Amino acid sequence: MARLIPDEGQSLALVALFSGVASGVALKAIGPMPSGEAIALRSAVAFVMIAVIVLARRRSTARQIGPRGMMRAGLDAVAALTFSLAIFEIPLSLLASIHATLPVLSVILSGVVLKERLRPGNWAALALACGGTLLILQPGLAFSPLGVGLALVSTLAYAFRDVTTRRLPPQTDTFRIALVSLVMIGAVAAALPSGGAWVWPGLTDSALITLAALGFVGANVLIIAALRRSELSRIAPLRYTSVLWSLAFDAALWGYLPDLAGACGIALILAAGALQLQTSSTDLSKDMT
């Protein structure tokens, strides 16, 4: 019988995923402010937070970034920026549902690039996830084709980022990678057309930006730690929890519930996640015996 008790990497991943959703919720809740400004300010605050961590642990032997670290930072910047922009275009639950195809993409890429084991259950999950995504695109396009396009780009970039993370040398400093990524995100976001002058954030928006930065830092740093402790095929299925959290936040804060097509698509994607989690858990049980 498959054991579903999470290992250390999976536990870190669950916290990272919730932090990412919380960061998106805080960013979406910010008042009338150009999206580029909101993203740039969040990146600046997150940069300061991580810089403090780097300075506090300056005696650490992990100082290297290297070519793979730079590649990881670039992919993360593309993924995070397009994801953040999509937050302002489509409901968070639809965005999370499109991103729910990421586990399938990550696992398939891990099999092709990292030679990790793939099972028939992985391919069956891929079929379910693709069907669910097609259903979700219909209500997504009704909101914003641009938002859907941004969500798809960020999903693909995150999948390649995860594979790159698994190939980082042990001495790579993940905090410095996060700093490089934040500089890239902030610079591009600040250069985006704002349609007007920047708005000085009030007390509430400042608190939301700080909360978004905290969530972003937690998601970025913890997912790196998780992916360096567990196989990608064991981490990827846990990303489906983001759909449930996003649905709850959308309903509670913005009163949005998906229509029938969107709900069926989400159900198919969650079924794909359950199947993939069961496949990964079965592999774990075999490894332990």
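Which residues lie nearest the centre of the largest pocket? The legends below take up this question along with other close-up views of a predicted model.

**Figure 1. The predicted protein as a whole.** The protein has twelve helices and zero strands. Read from the N terminus, its elements run α-α-α-α-α-α-α-α-α-α-α-α. There are 289 residues in the protein, and 52% of them count as buried.

**Figure 2. The largest pocket and its lining.** Thr174, Phe175, Ile224, Ala225 and Arg228 lie nearest the centre of this pocket, out of 13 residues that line it. The volume of the largest pocket is about 170 Å³. At least two lining residues come from each of helix H8 (174-191) and helix H9 (203-227). H9 gives the largest share, with four residues. By class, the lining of the largest pocket consists of seven nonpolar, two polar and four charged residues.

**Figure 3. The largest cavity.** Rolling a probe the size of a water molecule over the atoms shows where empty space is left. Searching the whole structure turns up four cavities of 30 Å³ or more, and the largest cavity has a volume of about 470 Å³. It is lined by 25 residues, of which Gly20, Phe83, Tyr158, Ala219 and Arg239 are the closest to its centre. Two or more lining residues are given by each of helix H1 (8-29), helix H3 (66-87), helix H4 (92-99), helix H7 (145-166), H9 and helix H11 (241-254). The largest share, six residues, belongs to H1. The lining of the largest cavity comprises 13 nonpolar, eight polar and four charged residues.

**Figure 4. The crossing of helices H3 and H4.** Two packed helices are described by the angle between their axes and the distance between the axes. For H3 and H4, the axes come within 9 Å and cross at roughly 145°. On the H3 side the contact is made by Phe83, Ala86 and Ile87, and on the H4 side by Leu92, Leu95 and His99. Five of these contact residues are nonpolar, one is polar and none is charged.

Figure 5. The buried residues are Leu92, Ser93, Leu94, Leu95, Ala96, Ser97, Ile98 and His99. Leaving out residues up to four places away in sequence, His99 touches Phe83, Ala151, Ser154, Thr155 and Tyr158. Leu95 is in contact with Phe83, Ala86, Ile87, Ile90 and Ala151, when its neighbours within four places in sequence are set aside.

**Figure 6. The nonpolar cores.** The largest nonpolar core holds 62 residues, and those touching the most other members are Ile30, Ile39, Ile50, Leu95, Ile98 and Ile185. H3 supplies the largest share of this core, eight residues. A second, separate core has nine residues, including Leu17, Ile224, Ile235 and Leu238. Ile224 is also one of the residues nearest the centre of the largest pocket.

Key
Residues are numbered from 1 along each chain as its sequence is written. This is a predicted model: local features need pLDDT of at least 70, side-chain atom pairs count only at pLDDT 80 or more; totals for chains, interfaces and linings use all residues. Side-chain values use heavy atoms; hydrogens and water are left out. On a 1 Å grid over the protein atoms alone, a cavity is a set of points where a 1.4 Å probe fits but cannot get out, and a pocket is an open set with protein on both sides within 12 Å along at least five of seven lines; lining residues have an atom within 4 Å of a point. Grid points are joined across faces, edges and corners, and a volume is the space filled by probe spheres set on the points. Ala, Val, Leu, Ile, Met, Phe, Trp, Tyr, Cys and Pro count as nonpolar, Asp, Glu, Lys and Arg as charged, and the others, Gly among them, as polar. Axes are lines fitted to C-alpha atoms, for helices over the stretch in contact, and angles run from 0 to 180 degrees between N-to-C directions. Contact means heavy atoms within 4.5 Å. A nonpolar core is a set of buried Ala, Val, Leu, Ile, Met, Phe, Trp, Tyr and Cys residues joined through side-chain atoms within 4.5 Å. Buried means under 20% relative accessible area, exposed over 50%, partly exposed in between (1.4 Å probe, protein chains only).
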